[in-house]
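Load the model in your viewer and keep the selection panel open.

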Amino acid sequence: MPRTAPEVHTDLVLEPRDVRFDWSALPLHWIPDEPFATHTVNVLHLLLPEGERWFVEVFKEALPLVRDEQLREEVLGFIGQESIHAEAHQEVLDHLLAQGLDPRPYVRQIAWLFQRVLGPKPRLTARRRRENVIERVAFVAAIEHFTAFLGNWALNSPGLDRAGADATMLDLLRWHGAEEVEHRSVAFDLLVHLDPGYLRRVRGMLLGGPLLVHLWVRGVRFLLAADPTLDGRIRPSWQEAWQVSRRGLLPDPVQSLRSGLRYLRRGYHPTQEGSSAQALGYLATSPAARAAAAH
């Protein structure tokens, strides 16, 4: 049985922050002279709009199964935050298209994956439908583990500041990252509420982790090939990713792997990752979050 910590969330109130970003001045390579690092991070914009809309639909399906009022409120807050995340990253895709980089071929593949392969199965019996929902919640919990890892990295990535990364993009990444850290336990707690066993959690990670890596690598290859300023000159490699990560412009691949392995510990709980205080501290200072609060 995994160790849970219900007392951690007794005061958790997730607030959807209706942020807005102005992308009119965003350069195509928003980390100056670093197209590989820029596009490796840009894969987030390809994956997250469809992925987070799928998260929302899965959690809406799971809501009738929730029997704990505090958890229900957290799930509703999670749905609100994820809906805004999807739209914020969608705006970046629209900006990339305006700059001559067409993301639509890759995004169509991602949409097919989430809507058709991982979508609801309407012809299932009630019992099998419930099992299907819980299986997809396990998948979401595994992916949310990595989004929290990436969020924690974004909040602690001074290398991006030293490299002169675009301030608006940094605010998007850190606002989103802070909210991922803030709600990092919701999907896991929902899974444990619906199925307290260990095997489904492991299965979710063993399927979700490799799939996420595969999609990310394909996304980097796609963006570098589609970038109209590169003419296919840059080919992605793990060696390049390692070297760029050593400069603080990307997460460390080894630390990413270790993070996934931590999730498989029987006593694991997401509150062991990141800092809620740091996340809330950034949200209190984020230009976009402060502007949203003012309105």
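Helices (H or I, at least four residues) and strands (E, at least two) are DSSP runs, numbered from the N terminus. This is a predicted model, so local features need pLDDT of at least 70, side-chain atom pairs count only at pLDDT 80 or more, and totals for chains, interfaces and linings use all residues. Residues are numbered from 1 along each chain as its sequence is written, and side-chain values use heavy atoms, with hydrogens and water left out.

**Stop 1: the largest cavity**

Rolling a probe the size of a water molecule over the atoms shows where empty space is left. Here the search runs on a 1 Å grid over the protein atoms alone: a cavity is a set of points where a 1.4 Å probe fits but cannot get out, a pocket is an open set with protein on both sides within 12 Å along at least five of seven lines, and lining residues have an atom within 4 Å of a point. Grid points are joined across faces, edges and corners, and a volume is the space filled by probe spheres set on the points.

The structure holds 2 cavities of 30 Å³ or more. Select Leu47, Leu48, Phe114, Ile143 and Leu212: of the 18 residues lining the largest cavity, these are the closest to its centre. The space inside the largest cavity is about 180 Å³. At least two lining residues come from each of H1, helix H3 (104-117), H4 and H8. Which helix gives the most to this lining? H1 does, with 7 residues.

**Stop 2: the largest pocket**

Two or more lining residues come from each of H1, H4, helix H6 (167-182), helix H8 (199-226), H9 and H10. H8 gives the most, with 10 residues.

**Stop 3: helix H9**

Select residues 238-246, which form helix H9. Its buried residues (buried means under 20% relative accessible area, exposed over 50%, partly exposed in between, with a 1.4 Å probe and protein chains only) are Ala241, Val244 and Ser245. Seen down the axis of H9, these residues fall within an arc of 100°, so they line one face of the helix; the arc is that of the directions from the helix axis to the C-beta atoms.

Turn to the face directed away from the buried side, and the exposed residues Gln239 and Arg246 are there. The cover over the buried residues of H9 includes helix H1 (35-62) and helix H10 (253-263), where contact means heavy atoms within 4.5 Å. Just after H9, select Gly248, which has a positive phi of about 85°.

**Stop 4: salt bridges**

A salt bridge is a side-chain nitrogen of Lys or Arg within 4 Å of a carboxyl oxygen of Asp or Glu. The whole structure has 16 of them.

Begin with Arg53 and Glu50, whose closest N and O atoms are 3.4 Å apart. Both are in helix H1, 3 residues apart, about one turn of the helix. Arg53 counts as partly exposed at 27% relative accessibility, while Glu50 counts as buried at 15%.

Next select Arg136 and Glu61, a salt bridge with the closest N and O atoms 2.9 Å apart. Arg136 lies in helix H4 (residues 126-155) and Glu61 in helix H1, so the pair ties together parts that are 75 residues apart in sequence. Arg136 is buried at 6%, and Glu61 is partly exposed at 27%.

Then go to Asp195 and Arg200, with closest N and O atoms 2.6 Å apart. Asp195 is buried at 18%, as is Arg200 at 9%.

**Stop 5: His89**

Select His89 in helix H2 (residues 69-98). Is His89 buried or exposed? His89 is buried, with a relative accessible area of 1%. Leaving aside residues up to four places away in sequence, His89 touches Leu44, His45, Leu48, Pro49, Glu52, Leu172 and His176.

The side chains of His89 and His176 make a polar contact of 2.6 Å. A polar contact is a pair of N or O atoms within 3.5 Å; within protein, one must be able to donate a hydrogen and the other to accept it, and residues adjacent in sequence count only if both atoms are side-chain atoms.
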